[in-house]
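Please look through the sequence and the model shown here before reading the report that follows. The report takes up selected elements of each chain and then the contact between the chains.

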Amino acid sequence: MARLTSQIAAEAISGQHFDTIVIGSGFGSGFFLHEALRHTRTTGRTGRVLVLEWGEIRDHAQQLADGRQTRIAPGSTYTNHSPRPWNFTIGFGGGTNCWFAQTPRFHPSDFRLNSLYGVGRDWPFDYAALEPFYCEAEDIMAISGDDDMARVLPRSRPFPQAGHRMSTPDALLKKARPDQHFVMPTARARVGTETRNGCCANLRCSLCPVDAKFTANNGLMDVFQHPAVQFCAGAKVTALETAAGSITAVRFESGGREHVVTGDLFVLGANAIHSPAILLRSGIDHGPTGQGLHEAYGIEVEAMLDGVDNFDGSTITTGADYGAYDGAFRSQSGAALLYFENRWKFGLRPEPGRWRQTLPIVIVVEDLPRDSERVLLGADGRAEVHGDGAGRYAMQGAERALAQLPQILSALPVERIERRGVRPTESHLQGSLRMGADAATSVIDAGQLHHVYRNLVVVGSSVFPTCSAANPSLTVAALSLRAARGLLA
Amino acid sequence: MTGISRRALLGSLGAGGLVLAGGLGMGAASGGQVDLLRRMLVRLIGPFRMDDAEFARFAADFAASRAMPGTAQVDLLRLGEVLGATGAAERLPGSAGAKIASRIEQLERDVLTQFVLATRAPDPPGGEILHYGGLFAANACNNPYAQFG
């Protein structure tokens, strides 16, 4: 296995005290630490930091050689009583390993869903409050994108890297729909950086063969190997201990033995299934803890083109269309973001001379979190997921977007549009420890501090009050930067 | 070969479904699979020139990369290729025909895609000898269509 210079064995830290204890090492934890350690340099407030990670440390070469990011199958870590397979990575870097590196921001209306459309909830702050942190997260990950996207998602800084080259269908749509159709922003490098190669459209983003997408291994090593940090891998957190309204300690298992470490500040970023499970095992079941687990709903279609070739863009997904995203319809059906694929998901077309005249599109639709979709504990303390799958709001949004598709694609010579099925999962579990101003209906506040245990910060997509149709990782990163600055500045 | 009706042929395919070929695809494709894939490709892209051993390597890698029809289904599909019955499934009544046709179309598109990417075959192939360079997923930075300028 790979090693971090900060790595330490469980036995060496057992019983010790740390200023900050971070649980998990994915986007939420990594970006929180990124900001916290920056303040440590100036204020020393973060002090001695311990990171506890359930999985092992695997570098890119090891993952490639083994053909997988981790040996821990996500389904082996919880009992699933819902129809969805919930996907995540347990290991150093968490979701930074398996993500496809699509980085659209959330839409301004996503933060005001209830005020604007009378459904769901408002976030406790608006898009403008998060915008500077979006910029910082994009800088850290060297995001590629077109500044023209500010027409829909206002931005105060240019993208760090230029946008990827659009495919021909995308370019035609961009010309016809300049306010709705954009090059997909992404952490798949347009040009190489000091630690990443440029994307060469291998179309295998979950485990990029050329290490072009941002991961903890190529983008957060200075954080996890910071002199203030000690990193303990193979440490499965079982519970938090409390006293007098504060978290006092973390219990974890490693090598078949239980250990306890004490701390002052605790950061929980163990994903939207295991973070609530840790709280529930700790007897921390305040408010809707564990309720509202959800993700977006995705369907796939294939548009058959007449005389226009696809696949000449420079990365796996080259277009994002907002024509079905926002409007009064959101009182009844979810926002839909259309992903234009620069890959032959359904194969080349069999007709001679028309191999590339196909345009796969993924329609991703927001869903409304429901309290009945939730994380509970089994009799043995194991996490259980209960739920019924996608809601009517999401499925109606998908049908609405499908009905809009001929109009959205009207600048293309479309022969026909074929439905290709429902995606089993978007691999974006979220919403089980939602943030809000009201302690009765949310778990953490706008600063991501637990409403009751004020030395507990929750990071990651579990804090999302509502869904969005956009990919969550950039927003997770921006939220963590904001939370850390609010706490430590 | 003429004692089987087109409907019986396709019905048999539907009954068995297109299932995984147990034991195949682990280093070699069966002779039937190689023949089926070659016939399919000739029908889809036209005649092409390629060394038999190289094509067998492609067929083996392709068979290992996806769920392939079982032996009986391969034989029936080969028969369909010989008889020119490849589009008949769509004319079967009910949903069974559409389901079979969809599976056959997916196999066709898969083999076409993998072959074209692995050989860089032009459309149409023309007279040049094609060479197998490994499946697309086995290599990096080998996307023939992506442009970066």
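## Terms and basis

Two residues are in contact if their C-beta atoms, placed from the backbone, lie within 7 Å. Helices (H or I, at least four residues) and strands (E, at least two) are DSSP runs, numbered from the N terminus.

This is a predicted model, in which local features need pLDDT of at least 70 and side-chain atom pairs count only at pLDDT 80 or more, while totals for chains, interfaces and linings use all residues. Residues are numbered from 1 along each chain as its sequence is written, and chains are lettered from A and ligands numbered from 1 in the order in which they are written.

## A covered helix in chain A

Helix α10 of chain A, residues 271-281, is mostly covered, with 9 of its 11 residues buried; a residue counts as buried if 20 or more other C-beta atoms lie within 10 Å of its own, as exposed if 12 or fewer do, and as partly exposed in between. The buried residues of α10(A) are A:N271, A:A272, A:I273, A:H274, A:S275, A:P276, A:A277, A:I278 and A:L279. Their cover includes β6 (236-243), β8 (257-268), β13 (374-377), β14 (383-386) and β16 (456-458) of chain A. Just after α10(A), A:G283 adopts a positive phi of about 75°.

The pairing of β3(A) with β14(A) is parallel and extends over 3 bridges, with A:H81 opposite A:H386 in β14(A).

## An enclosed strand in chain A

Strand β2 of chain A (residues 49-53) is largely enclosed by the rest of the structure, because 5 of its 5 residues are buried. In a regular strand the side chains alternate between the two faces of the sheet. Both faces of β2(A) are covered, with A:V49, A:V51 and A:E53 buried on one side and A:L50 and A:L52 on the other.

Strand β1 of chain A (residues 17-23) pairs with β2(A) in the parallel sense over 4 bridges, and A:T20 has A:V49 as its bridge partner in β2(A). Strand β5 of chain A (residues 229-233) also runs parallel to β2(A), joined to it by 5 bridges, and here A:L52 stands opposite A:C232 in β5(A).

Chain B contains 5 helices and 2 strands, which follow one another from the N terminus as α-α-β-α-α-α-β. Of its 149 residues, 33% count as buried.

Helices α2 (residues 31-45) and α3 (residues 52-65) of chain B pack at an angle of about 100°, with their axes 10 Å apart. That angle makes α2(B) roughly perpendicular to α3(B), a term for angles of 65 to 115 degrees, whereas those under 35 count as roughly parallel, those over 145 as roughly antiparallel and the rest as oblique. In this contact, B:Q33, B:V34, B:L37 and B:R38 of α2(B) meet B:F55, B:A56, B:A59, B:F62 and B:A63 of α3(B).

## Between the chains

Across the interface, 21 residues of chain A are in contact with 19 residues of chain B.

Key: Pairing = 2+ DSSP bridges. Axes fitted to C-alpha atoms, helices over the stretch in contact; angles between N-to-C directions.
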